[in-house]
Amino acid sequence: MSLSIIVLAAGKGSRMLSAKPKVLHEVGNYPMLFHILDSINSFKDVRVKIVISSSFSQYKSEIKSKYRKVTFSTQIKQNGTADAVNSSLDESTKNSNTTIVLCGDTPLISPKTLKKSLKKFHKDNLDLCVISMIPDNETNSYGKLKFINKRLTGIVEDGEITNDKHSNICNSGIMIFKTKRLIENLKLIKNKNKKKEYFLTDLVEIFNKKNLSIDHVSCDFTETLGVNCMRDLARVNFEFQNIKRNYYLSKGVQMVAPETIFFSYDTQIGKDVIIQPNVYFGLAVKIKDRVTLRSFSYLDNVIVSNDSVIGPYARIRDGVEIKENSKIGNFVEIKKSKVDKNVKISHLSYIGDSIINSDSNIGAGAITCNYDGFRKNKTIIGKNCFIGSNTSLVAPLNIKKGSIVGAGTVINKDVPIETIVYRKSELIKKNKKK
Ligand code: UD1
Ligand code: MG
């Protein structure tokens, strides 16, 4: 029983007021379209087609590199959702038994809901199943389902509402069809509406008039939140964060103010982790066990190993690895660096393009001067070194193990093992009156 999925992503997205294609706007730092493609990843034996506009072509290769099996069809003119589906029909879709139409702007839909709806579709031998929901506000712009004696008879779009009776049950935009019926009836849709568009939702009325088998499956409203404007995008991000927060709380992560913590779609957190209020996770962050993340820390592309303490006010980014039991304190920025175990960088430092080996202590205000105006250069600090406060470590630089650098030193030459280095400058004392 073959399945075909059509993801509609060609809409102009004009209500977003943005040059970026709507479906590439991000939820949890991840494009909405990718959320959807991940949700359908678990379906076996499925053909996935994304309907795009010609201006979207530049993003095709990026999507293809991540989702090798998807194919694209281009909708030349954005004439509505039915026209988008029509433009995507090729032999492979036509040969499938069942077609699911998904909207690229509805990113929170779960595989569970899709599978549940598909199950009902098959069990009840339906020709069309609408995934429906009840919004939490009455002034929404979703299409509304119409019923006569409990039979679904149509969907009225937001701009088209007349005195007709309709319910408060709305269309999520997701529909499941018997492919044969979809194809037979698509051509019957007219664009007699204010937008002069071909609405896919008109199929409900057409199917009803032909007495075909139609129904709807109700699902959780948050899963079906659609994004048409920036306000919607903020709402979806808000719900996404709540889902993530609840997920980590259920896994035993300790957060006293979860509502202040922001996760990315791929954040990984281990056991017995404490996250104090106001912590931000960018992409590719992995926190291992028993780590404490103190308030106002900003992490982006970093792995933190067991028993380390980060922050408050730490910024760690662009490919950093922090090994076991290290301590990164306040106002410390670390970029593209490897910090080995038992290292302390407790206050006010910038560490960039560096390797800091185990058991070293980096004093307050130590700065790696990694950029010479042309290139980024590396700093290596050996095991068990002590770098004094307010030092400038001018890279490229190799400070070998067991060495000590005196406070206030500008150091631009490599330091051999077990060496003490400092700059001697005389302290001048003058009597003010002379
Ligand atoms: C649509 C539904 C509405 C539903 C809502 C759920 C229709 C006519 N209306 O309205 O019943 O409640 O979604 O969020 O289907 N698209 C194309 N080509 C086009 C037009 C749209 O590919 O010519 C794509 C868009 O990129 C988007 C999806 O189809 O991903 C839905 O289009 P959109 O304009 O957002 O429709 P809504 O007004 O949200
Ligand atoms: Mg929409």
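Is Asp 215 buried, partly exposed or exposed in this predicted model? With a relative accessible area of 24%, Asp 215 is partly exposed. The legends below take up this residue and several other sites.

**View 1. A salt bridge joins Lys 120 and Asp 215.** The closest N and O atoms of the two residues are 3.2 Å apart. Lys 120 belongs to helix α5 and Asp 215 to strand β9, so the pair ties together parts that are 95 residues apart in sequence. Lys 120 is partly exposed, its relative accessible area being 24%. The pair is one of 19 salt bridges that the structure holds.

**View 2. Arg 235 and Asp 136 meet through their side chains in a salt bridge.** The distance from N to O is 2.8 Å. Because Arg 235 lies in helix α8 and Asp 136 in the loop between β5 (128-133) and β6 (144-148), the contact ties together parts 99 residues apart in sequence. Arg 235 counts as partly exposed, at 27% relative accessibility, whereas Asp 136 counts as exposed, at 53%.

**View 3. Lys 323 and Glu 321 form a salt bridge.** Their side chains meet at 3.1 Å, N to O. Lys 323 has a relative accessibility of 21% and counts as partly exposed. Glu 321 is likewise partly exposed, with a relative accessible area of 25%. In general, side chains of opposite charge can pair when their charged atoms come close.

**View 4. A network of salt bridges links Asp 127, Lys 178, Lys 180, Arg 181 and Glu 184.** Among the residues in this network are the acidic Asp 127 and Glu 184.

View 5. Asp 105 is found in the loop between β4 (98-103) and α5 (111-123), and Asn 228 in the loop between β9 (214-218) and α8 (230-250), so the pair ties together parts that are 123 residues apart in sequence. Asp 105 is buried, with a relative accessible area of 14%. Asn 228 also counts as buried, at 17% relative accessibility.

**View 6. Leu 108 lies in the loop between β4 and α5.** This residue counts as buried because its relative accessibility is 11%, and the cut-off for buried is under 20%. Between Leu 108 and Val 285 there are 21 Å in space, C-alpha to C-alpha, and the two are 177 residues apart in sequence.

**View 7. Lys 12, Arg 15, Lys 77 and Lys 195 gather in a patch of positive charge on the surface.** Lys 12 is placed in the loop between β1 (3-8) and α1 (32-39). With a relative accessibility of 61%, Lys 12 counts as exposed, since the term applies over 50%.

**View 8. Phe 296, Tyr 313, Phe 331 and Leu 348 make a nonpolar surface patch.** The patch covers about 420 Å². One of its residues, Leu 348, is found in the loop between β22 (344-347) and β23 (350-352). At 49% relative accessibility, Leu 348 counts as partly exposed.

Terms used: Residues numbered from 1 in each chain as written. Chains lettered and ligands numbered in written order. Predicted model: local features only at pLDDT ≥ 70, side-chain atom pairs only at ≥ 80, totals over all residues. Heavy atoms only, no water. Patch = residues over 30% accessible without salt bridge, like charges linked within 9 Å, V, L, I, M, F, W, Y side chains within 5 Å. Areas by Shrake-Rupley, 256 points an atom, 1.4 Å probe, with all protein chains shown as cover. Salt bridge = Lys/Arg side-chain N within 4 Å of Asp/Glu carboxyl O. Lys, Arg positive; Asp, Glu negative; His and termini not counted. Charge placed at Lys NZ, Arg CZ, Asp CG, Glu CD. Helix = DSSP H or I, 4+ residues; strand = E, 2+ residues; numbered from the N terminus. Buried < 20%, exposed > 50% of the residue type's maximum accessible area, 1.4 Å probe, protein only.
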